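Trainee: I have a structure open and would like to go through it with you. Where shall we begin?

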Amino acid sequence: MAKSYDVTSAGVNPAEDRAHRMRMYFIAMSLRVACVVSLFWVRDWWVLLSAAGAIILPWFAVLVGNAVAHGGEQVPDQPEPLRLEAAEPEPLDASDAAHEVIVIDVDPERRGGGGHAREPGAAQ
C-alpha cells in the first residue's frame, strides 16, 4: 500500500472546534447555575463548596471557551531541501578568448537606418 503524506498542518475544522467550545462553556455555566441555586438549600461546609463552584466556574468556562484548537501536534511531511552546488569553471585559454566572435543578427527592416529604400508594394 502506498504511503500517505500530509501536506498541511491545518488543524480541526473551525466550525467543529467552535461547537465543541460552546458545548464545554454551556456545561460549565450550567454547573455554575446549579452551584448558585444549591446555595439556598445546602448547609455547613457544603456552602463553601457551592460558593467556590459559583466563583471559579465562570473563570474556567471562559478559559475553555477561548481555547482554540490549533492542530499543531502533527507537522506536515516535507521533502529534503536540494543543495545547489557550483559547477567547476572550465579553464579558459588566452588564445580562445582572443578569437571569440559575437554576432548580433537583426532583420534589415528593423535596423531603422538611413538610406534603405523599401521596394514598392512591400508589406509594412
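Predicted model: local features only at pLDDT ≥ 70, side-chain atom pairs only at ≥ 80, totals over all residues.

Trainee: How many residues does H1 have, and what does it reach from its first C-alpha to its last?

Mentor: Helix H1 runs over residues 14–38 and has 25 residues. Its reach is 36 Å, close to the 36 Å expected at 1.5 Å a residue.

Trainee: Changing topic: how many aromatic pairs does the structure hold?

Mentor: It holds one aromatic pair. The partners are Trp 45 and Trp 46, and the pair is stacked, with 4.5 Å centre to centre and 25° between the planes.

Trainee: Is Trp 45 buried or exposed?

Mentor: Trp 45 is exposed, because its relative accessible area of 54% is over the 50% cut-off. Trp 46 has 45% relative accessibility and therefore counts as partly exposed.

Trainee: Which residues does the UniProt annotation "transmembrane region" cover?

Mentor: According to the unreviewed UniProt entry, that annotation covers residues 24–42 and 48–69.

Trainee: What is the chain like over residues 24–42?

Mentor: Over residues 24–42 the model is 79% helix and 0% strand, and the end C-alpha atoms lie 26 Å apart.

Trainee: And over residues 48–69, how far apart are the end C-alpha atoms?

Mentor: They are 34 Å apart, and the chain over residues 48–69 is 86% helix with 0% strand.

Definitions and conventions
Residues numbered from 1 in each chain as written. Heavy atoms only, no water. Helix = DSSP H or I, 4+ residues; strand = E, 2+ residues; numbered from the N terminus. Expected span 1.5 Å × (residues − 1). Phe/Tyr/Trp six-rings, centres within 6.5 Å; stacked < 30°, edge-to-face > 60°. Buried < 20%, exposed > 50% of the residue type's maximum accessible area, 1.4 Å probe, protein only. UniProt positions renumbered as here; feature names shortened; annotations may be inferred.
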